Amino acid sequence: MDVETKLRELLLPVLGLSSIDQIQPDHALVNDLGAESIDFVEILYAIETNFGVKISIQEISMVEYGAKDVQEGVLTEGLAEMLNKDFDTERFKAGQTAREIFETFTVRELATVVSRKMQEQKSS
Amino acid sequence: MIDRINEICPEQYIEAVKCVSMSEDVFNEHFPGFPVFPGSLILEGMAQMGGLFIEFCLRRRGLKEKRAALTMVNRMKYREMVRPGDRLDYRGTVKVFYPDDGYAVLMVEAKCGEKLCAEGELMFGFLDVMDEKMKHANDALMELAFTNVKIVE
């Protein structure tokens, strides 16, 4: 089973949903699926126990990216480009706030972070 | 739901005691003529112990405003019945403790003598205390709970 599908299954009980069809890869965890901050600790723990990789809340709340290159609290052109490349998308635009990005962070993007971590762990 | 905390080793384990007495109100209903201490109250006791323990550990790290909230009960298994007169020894052992990510997981067990009565895994998320009154009440509770407790470093 690929990371994305397994992740969708893991999210079911955390988000109180019953069918995997209710969680689509392009759904935003916060805006579409209603995840709250307390849910994220369960999500992180479920990832750690099932995939064997530790993801910090900073990594998915975009704080790490935010700390790198944010002007007046919004994304710069360069950072948006980097995010688009990292997550293979075009949705990141200059001018978005870190909060907006966190709220629209999708299941697929979370799966990307998990896959990347797993690869990093394998190669080290 | 716990009578005393016996021993604590910060960020590693905690041990507490609950003495089950026939005079507890719960036995009027649970069950008439056949008193059994409810599993939900064993869980509550272990969750209270775990919450106090986690907050104690957070305070030692300078995070005095944080409160531990029970967010998940995992694989809780009740193995033996607990009857009036039994002394329950609760133990919580840290599985993970991540102050920066805002959560911790404890493996908990309740024993009566050598007999394992319940075991499981409790997860706590950390929340900021906003209310001043709650902060004061929490300070008083922490002081009371950890007076005369053996602290193993």
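Two strands pair if DSSP finds at least two bridges between them. Strands (E, at least two residues) and helices (H or I, at least four) are DSSP runs, numbered from the N terminus. The structure is a predicted model, in which local features need pLDDT of at least 70 and side-chain atom pairs count only at pLDDT 80 or more, while totals for chains, interfaces and linings use all residues. Residues are numbered from 1 along each chain as its sequence is written, chains are lettered from A and ligands numbered from 1 in the order in which they are written, and side-chain values use heavy atoms, with hydrogens and water left out.

Chain B contains three helices and seven strands, arranged along the sequence as β-β-α-α-β-β-β-β-α-β. Its radius of gyration, taken over C-alpha atoms, is 16 Å, close to the 15 Å from the globule rule (2.2 Å times the number of residues to the power 0.38) for 153 residues, so chain B is as compact as a globular protein of that length. Along the principal axes, the C-alpha atoms of chain B fill a box of roughly 50 × 30 × 30 Å.

E2(B) runs antiparallel to strand E1(B), residues 4-9, and five bridges join the two. One bridge pairs Ile8(B) with Ile14(B) of E2(B). Three residues separate E1(B) from E2(B) in a hairpin, and Glu11(B) in the turn has a positive phi of about 65°. E2(B) is also joined, by seven antiparallel bridges, to strand E4(B), residues 87-98. There, Val17(B) has Asp89(B) as its bridge partner.

For chain B as a whole, 46% of the 153 residues are buried. Contact means heavy atoms within 4.5 Å; of the contacts in chain B with a separation of 6 or more, 68% are between residues 24 or more positions apart. Chain B exposes about 8000 Å², 51% of it from carbon and sulfur atoms, with areas from the Shrake-Rupley method and a 1.4 Å probe.

Chain A has seven helices and two strands, in the order α-α-α-α-β-β-α-α-α from the N terminus. Buried residues make up 44% of its 124 residues. Among contacts in chain A between residues at least 6 apart in sequence, 52% link residues at least 24 apart. Carbon and sulfur atoms account for 46% of the accessible surface of chain A, which comes to about 6600 Å².

Technical notes
Buried < 20%, exposed > 50% of the residue type's maximum accessible area, 1.4 Å probe, protein only.
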